[in-house]
Amino acid sequence: MIAIDDKRYGKLLLNVLPRKIETEEQNEHYLEIVEKMIDKGAENFSPEEDVLFDLLVTLIEDFEEKAYPMAEISPCERLKYLLEEKDLKQKDLASVFGSEGVVSEILNGKRRITLKTARKLAEFFNVPAELFI
(Lines give C-alpha, C1' and ligand atoms only; values in the text may rest on other atoms or scores of the structure.)
Protein backbone atom coordinates (compact mmCIF):
# COMPACT_ATOMS: atom_id res chain seq x y z
CA MET A 1 0.00 0.00 0.00
CA ILE A 2 1.33 3.43 -0.97
CA ALA A 3 1.71 6.02 1.76
CA ILE A 4 -0.73 8.93 1.65
CA ASP A 5 0.30 12.43 2.70
CA ASP A 6 -2.53 13.44 5.04
CA LYS A 7 -2.00 17.16 4.44
CA ARG A 8 -2.19 16.82 0.65
CA TYR A 9 -5.18 14.51 0.93
CA GLY A 10 -6.86 16.90 3.36
CA LYS A 11 -6.46 19.76 0.86
CA LEU A 12 -8.05 17.64 -1.87
CA LEU A 13 -10.93 16.78 0.44
CA LEU A 14 -11.43 20.46 1.30
CA ASN A 15 -11.70 21.30 -2.39
CA VAL A 16 -14.24 18.56 -3.09
CA LEU A 17 -16.00 18.13 0.27
CA PRO A 18 -17.18 14.61 -0.53
CA ARG A 19 -20.23 13.31 1.27
CA LYS A 20 -23.02 10.82 0.73
CA ILE A 21 -24.88 11.78 -2.45
CA GLU A 22 -28.54 12.63 -1.83
CA THR A 23 -29.55 14.45 -5.04
CA GLU A 24 -29.03 14.21 -8.77
CA GLU A 25 -27.28 17.62 -8.66
CA GLN A 26 -24.71 16.32 -6.17
CA ASN A 27 -24.22 13.25 -8.34
CA GLU A 28 -23.65 15.40 -11.43
CA HIS A 29 -21.15 17.53 -9.51
CA TYR A 30 -19.11 14.49 -8.47
CA LEU A 31 -19.37 13.02 -11.97
CA GLU A 32 -17.84 16.22 -13.38
CA ILE A 33 -14.93 15.96 -10.94
CA VAL A 34 -14.38 12.29 -11.79
CA GLU A 35 -14.50 13.04 -15.53
CA LYS A 36 -11.84 15.73 -15.12
CA MET A 37 -9.71 13.27 -13.20
CA ILE A 38 -10.18 10.66 -15.93
CA ASP A 39 -9.08 13.23 -18.51
CA LYS A 40 -5.90 13.76 -16.47
CA GLY A 41 -5.24 10.03 -16.62
CA ALA A 42 -4.94 7.62 -13.70
CA GLU A 43 -1.27 7.12 -14.45
CA ASN A 44 -0.79 10.82 -13.56
CA PHE A 45 -2.63 10.64 -10.21
CA SER A 46 -0.81 11.31 -7.00
CA PRO A 47 -1.48 8.68 -4.32
CA GLU A 48 -3.88 11.15 -2.69
CA GLU A 49 -5.79 11.71 -5.95
CA ASP A 50 -6.03 7.97 -6.41
CA VAL A 51 -7.70 7.59 -3.00
CA LEU A 52 -10.04 10.53 -3.70
CA PHE A 53 -10.97 9.07 -7.09
CA ASP A 54 -11.87 5.72 -5.49
CA LEU A 55 -13.94 7.52 -2.84
CA LEU A 56 -15.89 9.56 -5.40
CA VAL A 57 -16.53 6.55 -7.62
CA THR A 58 -17.82 4.62 -4.59
CA LEU A 59 -20.16 7.47 -3.65
CA ILE A 60 -21.44 7.75 -7.24
CA GLU A 61 -21.97 4.00 -7.58
CA ASP A 62 -23.82 3.85 -4.26
CA PHE A 63 -26.15 6.68 -5.29
CA GLU A 64 -26.78 5.32 -8.79
CA GLU A 65 -27.49 1.78 -7.58
CA LYS A 66 -30.23 3.18 -5.36
CA ALA A 67 -31.50 5.86 -7.76
CA TYR A 68 -31.48 3.68 -10.86
CA PRO A 69 -31.98 0.07 -9.80
CA MET A 70 -31.33 -2.41 -12.57
CA ALA A 71 -33.88 -5.08 -13.23
CA GLU A 72 -32.56 -8.59 -12.95
CA ILE A 73 -31.66 -9.78 -16.42
CA SER A 74 -31.95 -13.45 -17.28
CA PRO A 75 -28.99 -15.33 -18.77
CA CYS A 76 -31.04 -15.71 -21.96
CA GLU A 77 -31.54 -11.94 -22.20
CA ARG A 78 -27.82 -11.36 -21.65
CA LEU A 79 -27.08 -13.79 -24.44
CA LYS A 80 -29.52 -12.01 -26.77
CA TYR A 81 -27.93 -8.67 -25.87
CA LEU A 82 -24.42 -9.95 -26.61
CA LEU A 83 -25.56 -11.39 -29.93
CA GLU A 84 -27.03 -8.04 -30.92
CA GLU A 85 -24.08 -6.07 -29.60
CA LYS A 86 -21.58 -8.23 -31.52
CA ASP A 87 -23.84 -8.29 -34.61
CA LEU A 88 -24.02 -12.08 -34.52
CA LYS A 89 -26.76 -14.50 -35.58
CA GLN A 90 -28.06 -17.68 -33.95
CA LYS A 91 -26.06 -19.77 -36.41
CA ASP A 92 -22.85 -18.17 -35.08
CA LEU A 93 -23.46 -19.97 -31.78
CA ALA A 94 -24.06 -23.41 -33.28
CA SER A 95 -20.47 -24.40 -32.56
CA VAL A 96 -20.94 -23.48 -28.88
CA PHE A 97 -24.26 -25.28 -28.40
CA GLY A 98 -23.81 -28.10 -30.88
CA SER A 99 -26.67 -27.15 -33.19
CA GLU A 100 -28.79 -24.21 -34.30
CA GLY A 101 -31.84 -25.98 -32.86
CA VAL A 102 -30.40 -25.88 -29.34
CA VAL A 103 -29.49 -22.22 -29.81
CA SER A 104 -33.07 -21.50 -30.84
CA GLU A 105 -34.49 -23.36 -27.82
CA ILE A 106 -32.25 -21.42 -25.44
CA LEU A 107 -33.01 -18.05 -27.01
CA ASN A 108 -36.74 -18.84 -26.85
CA GLY A 109 -36.54 -19.82 -23.19
CA LYS A 110 -37.38 -23.48 -23.82
CA ARG A 111 -34.01 -24.71 -22.58
CA ARG A 112 -31.69 -23.44 -19.85
CA ILE A 113 -28.00 -22.68 -20.24
CA THR A 114 -25.98 -25.37 -18.49
CA LEU A 115 -22.83 -24.67 -16.50
CA LYS A 116 -20.76 -26.33 -19.22
CA THR A 117 -22.37 -24.17 -21.90
CA ALA A 118 -22.01 -21.05 -19.74
CA ARG A 119 -18.28 -21.67 -19.68
CA LYS A 120 -18.19 -22.10 -23.46
CA LEU A 121 -20.19 -18.88 -23.92
CA ALA A 122 -17.86 -17.05 -21.56
CA GLU A 123 -14.90 -18.14 -23.64
CA PHE A 124 -16.70 -17.31 -26.90
CA PHE A 125 -17.66 -13.78 -25.80
CA ASN A 126 -14.66 -13.23 -23.52
CA VAL A 127 -16.87 -12.43 -20.51
CA PRO A 128 -17.36 -14.05 -17.07
CA ALA A 129 -19.32 -17.31 -17.08
CA GLU A 130 -21.47 -15.95 -14.23
CA LEU A 131 -23.36 -13.82 -16.77
CA PHE A 132 -25.01 -16.98 -18.08
CA ILE A 133 -25.76 -18.73 -14.79
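This is a predicted model: local features need pLDDT of at least 70, side-chain atom pairs count only at pLDDT 80 or more; totals for chains, interfaces and linings use all residues.
Reader: Where is Glu 49 found?
Author: In helix H3, residues 47-67. Helices are DSSP runs of H or I, at least four residues, numbered from the N terminus.

Reader: Is Glu 49 buried or exposed?
Author: Buried, with a relative accessible area of 16%. Buried means under 20% relative accessible area, exposed over 50%, and partly exposed in between, with a 1.4 Å probe and protein chains only.

Reader: What is Glu 49 in contact with, leaving aside neighbours within four places in sequence?
Author: Leu 12, Met 37, Lys 40 and Asn 44. Contact means heavy atoms within 4.5 Å.

Reader: What joins the side chains of Glu 49 and Lys 40?
Author: A polar contact of 2.7 Å. That term covers a pair of N or O atoms within 3.5 Å; within protein, one must be able to donate a hydrogen and the other to accept it, and residues adjacent in sequence count only if both atoms are side-chain atoms.

Reader: Switching to H2. Which of its residues are buried?
Author: Asn 27, Tyr 30, Ile 33, Val 34 and Met 37. Down the axis of H2 they fall within an arc of 125°, so they line one face of the helix. The arc is taken from the directions from the helix axis to the C-beta atoms.

Reader: What covers them?
Author: The cover includes helix H1 (6-16) and H3.

Reader: And what does the face turned away carry?
Author: The exposed residues Glu 25, Lys 36 and Asp 39.

Reader: How many aromatic pairs does a search of the whole structure find?
Author: Four. Rings of Phe, Tyr and Trp (its six-membered ring) pair if their centres lie within 6.5 Å; planes under 30 degrees apart count as stacked, over 60 as edge-to-face and the rest as tilted. One of the pairs is Phe 63 with Tyr 68, edge-to-face at 6.5 Å centre to centre and 90° between the planes.

Reader: Why is the pair of Phe 124 and Phe 125 edge-to-face?
Author: Because their planes are at 85°, with the ring centres 5.0 Å apart. Phe 125 is buried at 6%, while Phe 124 is partly exposed at 34%. Ring pairs link both to Phe 132 in a cluster.

Technical notes: Residues are numbered from 1 along each chain as its sequence is written. Side-chain values use heavy atoms; hydrogens and water are left out. Helices (H or I, at least four residues) and strands (E, at least two) are DSSP runs, numbered from the N terminus.
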